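Subject: Structure for you to look at

Hello,

Here is the structure that I promised to pass on to you. Please open it first and keep it beside you while you read my notes below.

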Amino acid sequence: MKFSNTLIYWQLQNNRELPWRKTKNPYFIWLSEIMLQQTRVAQGMSYYLKFTAQFPSVFDLAKADESTVLKMWQGLGYYSRARNLHFTAKQIANELNGEFPSTYKEIIKLKGIGDYTASAIASICFDEPTAVVDGNVYRVLSRYFGIKTAINSSAGIKEFKILAQTLLDESKPGTYNQALMDFGALHCKPQNPLCETCPFADSCVALERKLTKELPVKDKKVKVRNRYFNFLVIKTDDNKTILSERKGKGIWQGLYQFPLIESDTNIDKDEIVSSEKFINLFPDETTISLFNEKEIIHKLSHQHLHTQFWVVETASLSKAKTKWKDIKKYPVPVLIANFIEEFESKSN
């Protein structure tokens, strides 16, 4: 009880003014929680305000087409979050008459919602005593109690969930959960935690044993896969190009891209021009040049994309249906959005 009282007292003095804190509407809480996974509050805020203005209710989000949702999500990354958000909005609107489930057990059945998000919604909106465990919580608890179990191991996930649940203030679970997450984000930070002014300084194991930098423990990262992308940026005399939707379950599903030649290593102009895809795509004469002199390395969580943009100019091409002036209407990965910005600024 002392732990929760200290925490809530800290929260009263350090409360963050955030728009989703002013409501208990599960739709808004759900939106904010999904957006803030893998995303800092400072970055997520503008997206949250944009989404709630465009889609003020779950019915508005459900009615939107997926391409619009992905376009508005552009730049936040982890696009499966947006696809799941849209899928679940349709489910709530069409199958549940717009009524959000009110218990952890029912909320966690929704697509794209795991233990953390279900616990947050259930505790904040419906006062259900379910403890949240996110990166902030792992960090605070591992340091305070000196726990060295890896937070990304099945044993660690179980251990920290049980511990978090025993510490929970059941009389105000939503307030307590938000306080614990805020404390991790603002005070017990990953780098340079504010130990000198910490309300838990007299009883923190990590501080006493000088383990702050070592905790929390994480098992070795997944091996990063290197991929080599060559985008063919087509420009015809009548200012048209090819932009097509990525299908399948890989990265960027539902986003648009230029024709892509993926190779095992970096390849040069001669190898591009002699590739089967290039020959099939361009029956007529073309002019090809490399746009970026230095390869762009776009880093995703488990993949590094070594990227080259090849500008291919040709008089006409029947497959080129997208007008250049419309190109910014399509949802594209941030890698391609950045290229388009740079390309257009150099062309003008």
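Predicted model: local features only at pLDDT ≥ 70, side-chain atom pairs only at ≥ 80, totals over all residues.

Residues are numbered from 1 along each chain as its sequence is written, and side-chain values use heavy atoms, with hydrogens and water left out.

The ring of Phe 339 forms an edge-to-face pair with that of Phe 291, since their centres are 5.0 Å apart and their planes stand at 85 degrees; rings of Phe, Tyr and Trp (its six-membered ring) pair if their centres lie within 6.5 Å, and planes under 30 degrees apart count as stacked, over 60 as edge-to-face and the rest as tilted. This pair links distant parts of the chain, 48 residues apart, with Phe 291 in the loop between strand 6 (287–290) and strand 7 (296–299) and Phe 339 in helix 15 (residues 334–347); helices (H or I, at least four residues) and strands (E, at least two) are DSSP runs, numbered from the N terminus. Phe 291 is also buried, at a relative accessible area of 18%. Both residues belong to a cluster linked by ring pairs, which includes Trp 252, Trp 324 and Phe 343. Over the ring of Trp 324 sits the charged end of Lys 235, 5.7 Å from the ring centre, a contact that requires NZ of Lys or CZ of Arg within 6 Å of the ring centre and within 35 degrees of the ring normal.

Next come the open spaces. The largest pocket holds about 1700 Å³ of space. A pocket is an open set of points on a 1 Å grid over the protein atoms alone, with protein on both sides within 12 Å along at least five of seven lines, whereas a cavity is a set where a 1.4 Å probe fits but cannot get out, and lining residues have an atom within 4 Å of a point. Grid points are joined across faces, edges and corners, and a volume is the space filled by probe spheres set on the points. Of the 46 residues that line the largest pocket, those closest to its centre are Gln 37, Gln 38, Asp 134, Gly 135 and Asn 136, and helix 11 gives the most to this lining, with five residues. The second largest pocket has a volume of about 510 Å³, and among the residues closest to its centre are Tyr 78 and Leu 300.

How many disulfides does the structure hold? It holds zero, a disulfide being a pair of cysteine sulfur atoms within 2.5 Å. The sulfur of Cys 204 is too far for a bond, because the closest cysteine sulfur, in Cys 198, is 6.3 Å away.

Best wishes

Technical notes
Buried < 20%, exposed > 50% of the residue type's maximum accessible area, 1.4 Å probe, protein only.
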